Amino acid sequence: MSNITSIVRSIRNIMRKDEGVDGDAQRISQMVWMLFMKIFADKEEEWKLSRKTYKSPLPEKLKWQNWAADEDGLTGDELITFINDELFPILKTIEPTDTDQSVIVKSVFNDTYNYMKKGTLFRQVINEINKIDFSSKNKDRHVFNDIYESILKELQSAGSSGEYYTPRAVTQFMVDMIDPQIGETVLDPACGTGGFLTCTLDNLSKKDGFDQGSLVTQNSIRGIEKKPLPHLLCTTNLILHGIEKPAIIKGNLLTTPYDNWKNSNQVNLVLSNPPFGGQEEDGIEKNFPEEFRTRETADLFLALIIKILKKNGRASVVLPDGSLFGKGIKVRIKEELLTKCNLHTIVRLPNGVFNPYTGIKTNLLFFEKGTSTKETWYYEMPYPEGIKNFSKSKPIDIRHFDDIKKWWNDRKENKYAWKISLDEIKERDFNLDIKNPYFPEAEKVYTTEELLVKIDISFQKSATLLAEIKKALI
């Protein structure tokens with residue numbers, strides 16, 4: 001890890017000297033497309049050996065080994081001219097052939113740009129990247145994981161880019177509890193950098209009979225992401241996890257008409273942390289039935305996830321408190337969820353899990369389609385001993401979920417766990433924001449940050465109610 005960290009740090013320092021790279025987002029994007037080219041070159045060498053009929057989608061001149069591998073190769077103005085006038089124009093317009101790799105290359109470069117202007121600095125970055133071996137013969141098979149984690153930490157502190165990141169411990173817990181099986185189709189409809197998908201592959205790889213290269217595995221992983229940077233990161237990470245097919249579509253799933261989802265394109269599993277707190281563009285809600293029409297992103301995704309699941313399909317979804325207590329259209333979506341699915345578990349996460357980029361309280365919803373809900377279990381996850389709030393320096397860890405995992409298959413009420421019947425939920429007008437009955441509010445001691453979050457949630461509730469009153473008056 002230390003060697004990889006020093007290489008990434010060196011690349012960062014070189015790029016900061018280049019006048020064309022403006023800020024973290026551009027620097028990360030620049031680094032990732034260059035890493036993709038090196039990774040693609042290393043994987044192509046393997047594909048040539050394993051598949052005698054393999055045909056590269058890249059013209060010879062554009063292959064990494066023919067312009068970047070020699071540390072004394074192209075540099076200066078000649079290198080920048082080649083990148084801007086040959087490499088990018090050709091890769092952006094490459095015709096997808098009958099090979100999966102051509103589709104992947106086209107999707108990666110469609111919305112990718114070269115920001116660097118100084119060829120000598122560009123050459124220095126190339127030479128740093130060439131120190132990394134991404135091939136399978138490298139004993140450190142998880143070398144990209146170290147780079148990936150380093151990039152994700154930077155994304156966390158790069159403003160809105162943090163929305164791409166779900167803490168690894170949360171992702172792993174959700175996947176562990178859903179327990180994907182070989183042959184089940186897995187979709188993340190807002191996949192970001194692909195954490196849920198790669199974690200699913202890691203989980204499957206431990207099962208008997210798993211074959212990374214089989215068509216069953218290759219066809220089981222699916223994701224959609226509308227932003228170029230996370231799409232690029234996700235595609236690169238999946239290639240290194242053995243997915244050679246174009247598994248990630250660049251786009252916004254909410255633009256697909258709701259009624260287009262038939263049995264043939266539904267999936268067995270959905271794992272997702274859909275964007276919340278945002279508003280979709282005008283008109284996108286018209287893709288949904290009238291009773292679900294809203295521009296609140298998280299609500300639209302929840303309605304869509306229910307529709308996307310096959311019968312007996314399973315889902316685990318991250319949702320904010322607002323989705324639990326909201327009125328109006330939120331109530332109709334929750335009623336749909338409880339009618340069409342068994343919402344068997346809600347894990348209420350403590351404050352700070354998604355720090356540093358949001359303090360909004362979040363929940364993990366676990367449900368199965370095909371039978372309606374009779375009762376819902378709640379588990380309010382406490383802070384681990386010695387931690388008063390999660391932060392960048394003290395992030396949530398998979399070990400912090402150990403008690404919930406022990407409870408999961410032998411459920412009993414305790415000071416953190418309780419259940420509520422569907423009749424009680426209906427009496428509450430489908431308000432799922434249910435407080436822990438064993439730990440009354442009055443007994444809790446709050447930090448200043450927790451109090452600020454509670455005030456913020458109260459403002460959210462007030463704003464929601466006010467909007468409904470205004471709508472009713474109009």
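Helix axes here are lines fitted to C-alpha atoms over the stretch in contact, and angles between them run from 0 to 180 degrees between N-to-C directions. Keep that in mind for the first stop. The model is predicted.

**Stop 1: helix 8 and helix 9**

Select residues 168-178 for helix 8 and residues 195-204 for helix 9. Their axes come within 9 Å and cross at roughly 50 degrees. An angle under 35 degrees would count as roughly parallel, and 65 to 115 as roughly perpendicular. Helix 8 and helix 9 are therefore oblique to each other. Their crossing is right-handed.

Now show side chains at the contact. From helix 8, pick Thr171, Gln172, Met174, Val175 and Asp176. From helix 9, pick Gly195, Phe196, Cys199, Thr200 and Asn203. Colour these residues by type: 4 are nonpolar, 5 polar and 1 charged.

**Stop 2: helix 9 by itself**

How many of the 10 residues of helix 9 are buried? The count is 9, so helix 9 is largely enclosed by the rest of the structure. The buried set runs Gly195, Phe196, Leu197, Thr198, Cys199, Thr200, Leu201, Asn203 and Leu204.

**Stop 3: helix 2 and helix 5**

Next, select residues 24-50, which form helix 2.

Which residues meet here? Helix 2 brings Trp33, Phe36, Met37, Phe40 and Trp47. Helix 5 brings Gln101, Ile104, Val105, Val108 and Phe109. By type, this contact has 9 nonpolar residues, 1 polar and no charged.

**Stop 4: Asn114**

Is Asn114 buried or exposed? Its relative accessible area is 15%. Buried means under 20%, so Asn114 qualifies.

Draw two distances from the Asn114 side chain. One goes to the side chain of Asn84, a polar contact at 3.0 Å. The other goes to the backbone oxygen of Met116, at 3.1 Å.

Finally, show what surrounds Asn114. Leaving aside neighbours within four places in sequence, Asn114 is in contact with Gln30, Trp33, Ile80, Ile83, Asn84, Phe88 and Phe122. Two of these names have come up already. Trp33 belongs to the helix 2 side of the contact with helix 5, and Asn84 is the side-chain partner at 3.0 Å.

Key: Residues are numbered from 1 along each chain as its sequence is written. This is a predicted model: local features need pLDDT of at least 70, side-chain atom pairs count only at pLDDT 80 or more; totals for chains, interfaces and linings use all residues. Side-chain values use heavy atoms; hydrogens and water are left out. Buried means under 20% relative accessible area, exposed over 50%, partly exposed in between (1.4 Å probe, protein chains only). A polar contact is a pair of N or O atoms within 3.5 Å; within protein, one must be able to donate a hydrogen and the other to accept it, and residues adjacent in sequence count only if both atoms are side-chain atoms. Contact means heavy atoms within 4.5 Å. Helices (H or I, at least four residues) and strands (E, at least two) are DSSP runs, numbered from the N terminus. Ala, Val, Leu, Ile, Met, Phe, Trp, Tyr, Cys and Pro count as nonpolar, Asp, Glu, Lys and Arg as charged, and the others, Gly among them, as polar. Angles under 35 degrees count as roughly parallel, over 145 as roughly antiparallel, 65 to 115 as roughly perpendicular and the rest as oblique. A crossing is left-handed if the near helix is turned anticlockwise from the far one by less than a right angle, and right-handed if clockwise.
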